[in-house]
Amino acid sequence: MSLTIKVHIAARFNLNLRTAKQTKLTDYNVKIRPKPIYHSNQLIAFQPKMSAAVKSASSAIKSSLIEPDGGVLVDLVVPESERGLRTTEAESMPKVKLTKIDLEWVHVVSEGWASPLRGFMRENEYLQSLHFNCLRMKDGSIVNMSLPIVLAIDDETKERIGSSTNVALLGPTGDLIGILRSIEIYKHNKEERIARTWGTTAAGLPYVEEVITPAGNWLVGGDLEVLKPIKYNDGLDHYRLSPQQLRKEFDNRQADAIFAFQLRNPIHNGHALLMNDTRRRLLEMGYKNPILLLHPLGGFTKADDVPLDVRMEQHSKVLEDGVLDPETTIVSIFPSPMHYAGPTEVQWHAKARINAGANFYIVGRDPAGMGHPTEKRDLYDPDHGKKVLSMAVGLEKLNILPFRVAAYDTVEKKMAFFDPSRAKDFLFISGTKMRTFARSGENPPDGFMCPGGWKVLVQYYESLQAEEATQQPAILTS
């Protein structure tokens with residue numbers, strides 16, 4: 001896996017942070033494990049130990065090292081004092097029902113991950129995003145926005161809205177979520193959207209099949225107001241820190257550099273090698289307290305990916321086993337759904353971390369990529385993601401360093417940086433191969449993953465197989 005980080009020293013500034021009081025919403029059919037994996041967020045309770053020299057030097061340090069896009073972090077959650085009035089107002093509006101993935105996008109937009117976007121895209125924003133991967137602001141500045149963030153409706157809903165300028169948003173179970181104001185309804189050209197986002201219209205694209213194909217033929221955009229913070233009640237909500245909360249935590253830890261690592265797979269020792277080496281290099285560059293934002297994706301993922309609750313448990317074991325240092329690591333969930341759109345999507349992942357306050361972003365081999373759905377090859381060139389990220393419009397203030405590929409060294413029996421001079425000594429273990437090992441109960445080579453983390457994966461696949469075995473007789477009977 002090859003990594004890069006963009007190099008740029010951003011001006012520091014102090015952001016006035018406000019954390020909204022959070023109220024739980026209905027559980028949206030999330031599968032809850034029998035016992036919560038975590039009872040509290042370790043990063044909030046933990047106070048890192050720092051040397052006297054670092055404490056002295058960091059007294060003037062603020063980790064808000066990078067401005068959010070647009071200069072101000074968007075927060076679209078209605079103040080608690082106004083919720084009653086807004087709720088009453090929303091009840092009289094035409095209603096638009098959200099899917100589970102629509103709700104994930106409401107979560108993303110309301111917390112400011114997509115700043116300066118203030119709602120679902122109207123047509124001019126949609127076309128800029130779709131064709132230019134960016135948005136031009138009123139002052140002429142440009143921000144990156146590589147993925148359209150849109151809300152689809154069907155003919156019946158469009159007719160029900162009629163000439164109304166505002167609509168209320170209902171969650172998947174029918175509870176009131178928010179309001180979309182000053183709306184605009186426009187045509188949803190699905191083929192164009194798919195072709196421009198994925199570079200193909202081949203059958204089998206996970207997000208397309210789950211979201212776009214069954215969606216309505218119209219898109220509705222407008223300014224979003226969310227009545228209360230989005231909660232999933234799955235035992236992991238304390239790990240879903242907003243950009244405001246993350247920036248505040250970076251300041252509390254007196255970080256002078258934040259390097260973000262996104263993943264949607266379990267952590268193996270190759271990932272850890274790259275993250276630890278990033279920190280070492282930042283220290284060599286003169287930073288005193290670089291902090292890792294370990295940021296697993298928590299929205300929609302394809303069916304064969306390891307579920308979020310299992311991944312979070314596995315990540316916990318990685319920290320417990322000391323593979324990553326808890327004193328210099330913040331674990332948080334990124335709420336965005338996954339598109340698997342390669343170089344187009346990796347720009348979105350990087351942009352969102354700017355808004356969270358990270359000024360370094362680690363990008364690996366084939367980021368946000370997948371195998372071609374109908375052919376035996378990668379859908380995207382594995383090097384294009386990092387190349388595009390280094391050139392993308394609107395991401396100039398994000399920081400980058402090139403990294404070598406990490407693989408399993410069969411001689412040293414550990415994950416190491418690939419050495420072309422002895423290529424035959426290295427074994428490349430893909431995510432697919434890792435899942436195959438766990439599914440079959442076969443152990444990977446020693447040193448590939450910490451034992452506690454591997455045990456979590458094996459237990460997950462054993463439970464999956466047991467569940468499938470109990471379902472099979474029922475199917476045969478019926």
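In this predicted model, Ile153 stands opposite Trp218 of strand β8. Ile153 belongs to strand β5, which spans residues 152–153. Two bridges join β5 to β8. The two strands run antiparallel.

Strand β8 also pairs with strand β2, made up of residues 119–120. Two bridges link β2 to β8, again in an antiparallel arrangement. Here Gly119 has Asp223 of β8 as its bridge partner.

A further partner of β8 is strand β7, which covers residues 176–187. Eight bridges connect β7 with β8. This pairing is antiparallel as well. Within it, Gly178 stands opposite Val226 of β8.

How many of the nine residues of β8 are buried? Seven of them are. Buried here means under 20% relative accessible area. Strand β8, residues 218–226, is therefore largely enclosed by the rest of the structure. In a regular strand, side chains alternate between the two faces of the sheet.

The chain as a whole gives the setting for this strand. It holds 15 helices and 15 strands. Of its 478 residues, 56% are buried. The chain exposes about 20,800 Å².

Conventions: Residues numbered from 1 in each chain as written. Predicted model: local features only at pLDDT ≥ 70, side-chain atom pairs only at ≥ 80, totals over all residues. Heavy atoms only, no water. Helix = DSSP H or I, 4+ residues; strand = E, 2+ residues; numbered from the N terminus. Buried < 20%, exposed > 50% of the residue type's maximum accessible area, 1.4 Å probe, protein only. Areas by Shrake-Rupley, 256 points an atom, 1.4 Å probe, with all protein chains shown as cover. Pairing = 2+ DSSP bridges.
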